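Please consider the structure shown below with attention to its charged side chains.

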Amino acid sequence: MGLFMTERLFSEAILTRRATPSFDGSPLPDEVLSKILQAGMQAPSGYNIQPWRFVVVRDKEQKHRLREAAMGQPKVEEASAVIVCCGDLNAPRGDSLDIVLAESEKHGFSKEQNQKMKEMLNKTFSSPPGNMMGLTPDYAVWINRHVMIAFTTMMWMAEILGYDTAPMEGYFEDKVKSVLNIPDGIRVVALLAIGKLKGADKPYAGRRKMEEICFADTWGENLKL
Ligand SMILES: Cc1cc2nc3c(=O)[nH]c(=O)nc-3n(C[C@H](O)[C@H](O)[C@H](O)COP(=O)(O)O)c2cc1C
């Protein structure tokens, strides 16, 4: 993943990013889209399971249908691309896990190591939530935490490459799944619209103070920095 000459500083992008209210519809070059998706795919995940799946919506008619599933929000249609960020609840088992483990063997992980991991994951993810001394995850939390870290990595990569982004939760999951033909066992976690800002950006609404949000060692204890 090479460096683009125009990449912005991450710290600057953090301070200037806004949830883009409107996009101009200009096309997103394939090399930029590829770099954004590759960034998401490099995100960390528990046991490297990589349960995220991305449906990139660029087709005009498909964006129109997706907009309808997203409460009519115009930016879905205006954006150059909308990455529908999904999570595969079956990623910790079966073929999906085998693909992850086979890849890790190419990187020097042993078959024995992987066999142990497989047995452990089979136990953890085959029990219903609440069993296994609380080790089995709450699947909704589990999938959300993984997909959102990949989502966020892609959002920052897009911003650093000079594009504008809009994170979106305003959609009906069943409608999005129907429009994109997404099978059972896959959750739609969030939509990431990417493009170039049209018109004025959304004003900055500020953030809460550090002392209200960050604690020292124990919940509620003042963190002095
Ligand atoms: C997960 C997530 C979902 C969001 N969903 C929507 C949405 O559906 N529609 C929308 O207009 N803005 C949406 N937003 C944008 C927020 O309103 C925005 O991030 C917030 O007001 C703070 O503004 P800023 O990001 O420009 O600082 C979403 C943001 C996040 C992080």
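The model is predicted, and it holds twelve salt bridges. One of the pairs consists of R8 and E159, whose closest N and O atoms lie 4.0 Å apart. This pair links distant parts of the chain: R8 belongs to the segment before α1 (10-16), E159 to helix α7 (residues 139-160), and 151 residues separate them. The partners also differ in their accessibility class. Because buried means under 20% relative accessible area, E159, at 3%, counts as buried. R8 has 23% relative accessibility and therefore counts as partly exposed.

A further salt bridge brings together the side chains of D98 and K118, with an N to O distance of 2.7 Å. Here two helices are linked, since D98 lies in α5 (residues 94-106) and K118 in α6 (residues 111-126), 20 residues apart. D98 is partly exposed at 33% relative accessibility, and K118 is likewise partly exposed, with a relative accessible area of 25%.

Between a helix and a strand, the side chains of E173 and R187 meet in a salt bridge of 3.0 Å, N to O. R187 counts as partly exposed, its relative accessibility being 35%.

Salt bridges can also share partners, and in this way R8, E12 and E159 are joined into one network.

Key: Residues are numbered from 1 along each chain as its sequence is written. This is a predicted model: local features need pLDDT of at least 70, side-chain atom pairs count only at pLDDT 80 or more; totals for chains, interfaces and linings use all residues. Side-chain values use heavy atoms; hydrogens and water are left out. Helices (H or I, at least four residues) and strands (E, at least two) are DSSP runs, numbered from the N terminus. Buried means under 20% relative accessible area, exposed over 50%, partly exposed in between (1.4 Å probe, protein chains only).
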